[in-house]
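Good morning, colleagues. Please look at the display.

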Amino acid sequence: MKLTNYMFDAVIVGAGGAGMTASLQLAQSGLNVAVLSKVYPTRSHTVSAQGGIAAALGNVHEDDWRWHMYDTVKGSDYLGDQGSIEYMCKMAPQVMYELEHMGMPFSRLENGKIYQRAFGGQTINYGKDMAHRSCAVADRTGHALLHTLFQNNIKAKTHFFNEWFTIDLVKNTQGNIAGIIAMCIETGEIAFFNAKATIFATGGAGRIYATSTNALINTGDGLGMTLRAGLPLQDMEMWQFHPTGIPKVGVLITEGVRGEGGYLLNKKGERFMERYAPHAKDLASRDVVSRAIAMEIRAGNGFNADGIDYVKLKLDHLGADVINSRLPGIRELAITFAHTDPLVEAIPVTPTCHYMMGGIPTNIHGQVITLGSDNKDRIVEGLYAIGECANVSVHGANRLGTNSLLDLVVFGRASGLHAENAIQEGLSLHTATESDIEQALQRMNRWDSTQKGEDFNLIRHDMQKAMQNDFGVFRQEEQMVEGLKKLEKLRERLKHAALTDRSNVFNTARIQALELDNLMDVAYVTAVSALTRKESRGAHSREDYPKRDDKNWLKHLLCFSDGEINYRPVNMKPQTVNPFEPTERVY
């Protein structure tokens, strides 16, 4: 097979908010930077983020990054690393002003300052009252962020390889990362990208579930590559179910609707969140609201249409001016996908898989870490992970709304700064032999050489069904054991599945087959991790272990591709403030 060779200082896989923040930092410093994206950059999944970016600017009321930190630690159900959370919340205002100066078109308050709205779990004065902390561009904040970063990257002369699919990491015989092997989707060309720093910004993997707010491209590619390189994933049992997805289709209705004053109703017309979170009500954290909706439906208080149970989200009382100026995209989505005009009637909503809190373990610089032979953290030199695919552990067991875009830009910037310094101080460019590259191509060669076998689409359908049924909002041992058995059989079936189309030009079937390898690995480590953690914490809600167990389970769970489990302590030592000790989490 003929291979094209490219050489760069840094190669970034993924052109979402995290990837393009890192690439901008590197390109502006004069380094030679490549960004590979399997879609055109402005179609990366960051584009669908609606509600805002959390930062304690204090534009609506007095605010403090320490209050933001407290909310994030509490929101994480104390599984978040407090050193990372401190760094993120402290950096947030500076990063907002940098985006503003880049030209990000924030909505404005009457005094001209950046508009900030309320969001679930965000409070002032350590939980005393709801905070207006989320800097928003109407209900299209991710869209504006992505376009702002793309335009600035074009200006900085970042090299974009659009519609390229990354197949695997290239490791040499010494175990060093030499770069990646990738394929041009348009032509089928295969290339080796040799780089001093390789940065994964590949996003989430929500497509392991049958119903998800995630785009079809969210297939956990960086996670699959990490597992195949012999590295672990961290806290993969922690999947957030967003309370307000549109039934059947899974399209997201932003929490910003509730931030603007919308509220949930059951079929009796009751504002039921008052029973579950008397203080925060509809703006409790997402895991709390999702469980409340699930419990209302279980109690027979939900609506039902076409066999689907749901509750309703009412916002018509906000008036046409507020809806059309601050939530125009939401109205459009509701009309298109729920056949409901929120100006006159409530929107049907149900909890839907939304966000992966787990991922590739990293430090605050985005450097990937694994466990050494002495069971201590070891940095994987030259390999970084940022954004949703990474676990720097600012979200712990449950992410607060609008902390996701903040995570992208803060740690995208941090990894860019660290990689820039490392390269300037002599980070090595590792070479790879033919056999190293052959190893990285093994998976694609497998698909291309299997002549007969099962259609992989059937396997994907069965995997998503197993995840949806056995690893959803509520979990219990018996169900999960059965689910894991199903996944083990599906893993075996996938080894013998075949492609009917082996052409080179725009062969989307080949891409989907390669994506399914990644999804299957992510589903498997999610299932193993969920079975292992015998407590309820944040989004991980076990009916057989309903209480949080700090004595035995206040620790990160590491899972390798073969299902081997190990643990890391939670960082309870911030640099400049006293630690927030675990307490009962009530809203």
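This is a predicted model: local features need pLDDT of at least 70, side-chain atom pairs count only at pLDDT 80 or more; totals for chains, interfaces and linings use all residues.

Let us begin with an open sheet of 3 strands, which pair antiparallel in the order β3-β5-β4. Because β3 (53–54) and β4 (116–124) each have a single partner strand, they stand at the edges, and one side of each is left without a neighbour in the sheet. Strands here are DSSP runs of E of at least two residues, helices are runs of H or I of at least four residues, and both are numbered from the N terminus. Two strands count as paired if DSSP finds at least two bridges between them.

Residues are numbered from 1 along each chain as its sequence is written, and side-chain values use heavy atoms, with hydrogens and water left out.

Within this sheet, 5 bridges join β4 to β5 (residues 129–135) in the antiparallel sense. Glutamine 116 has cysteine 135, in β5, as its bridge partner.

Next, the loop between α3 (82–102) and β4, where arginine 108 lies. Beyond its neighbours within four places in sequence, arginine 108 is in contact with Glu100, Lys113, Ile114 and Tyr115, contact meaning heavy atoms within 4.5 Å.

I turn to another open sheet, in which 3 strands pair antiparallel in the order β10-β20-β21. Its edges are β10 (233–234) and β21 (565–569); each has a single partner strand, so one side of each is left without a neighbour in the sheet. Strand β20 (residues 555–559) runs antiparallel to β21, and 5 bridges join them. Among these two strands' residues, lysine 555 has proline 569, in β21, as its bridge partner.

Finally, the protein as a whole. It contains 16 helices and 21 strands. Of its 587 residues, 63% are buried. Among contacts between residues at least 6 apart in sequence, 74% join residues at least 24 apart. The C-alpha atoms fill a box of roughly 65 × 50 × 50 Å along the principal axes.

Thank you for your attention.

Definitions and conventions. Buried means under 20% relative accessible area, exposed over 50%, partly exposed in between (1.4 Å probe, protein chains only).
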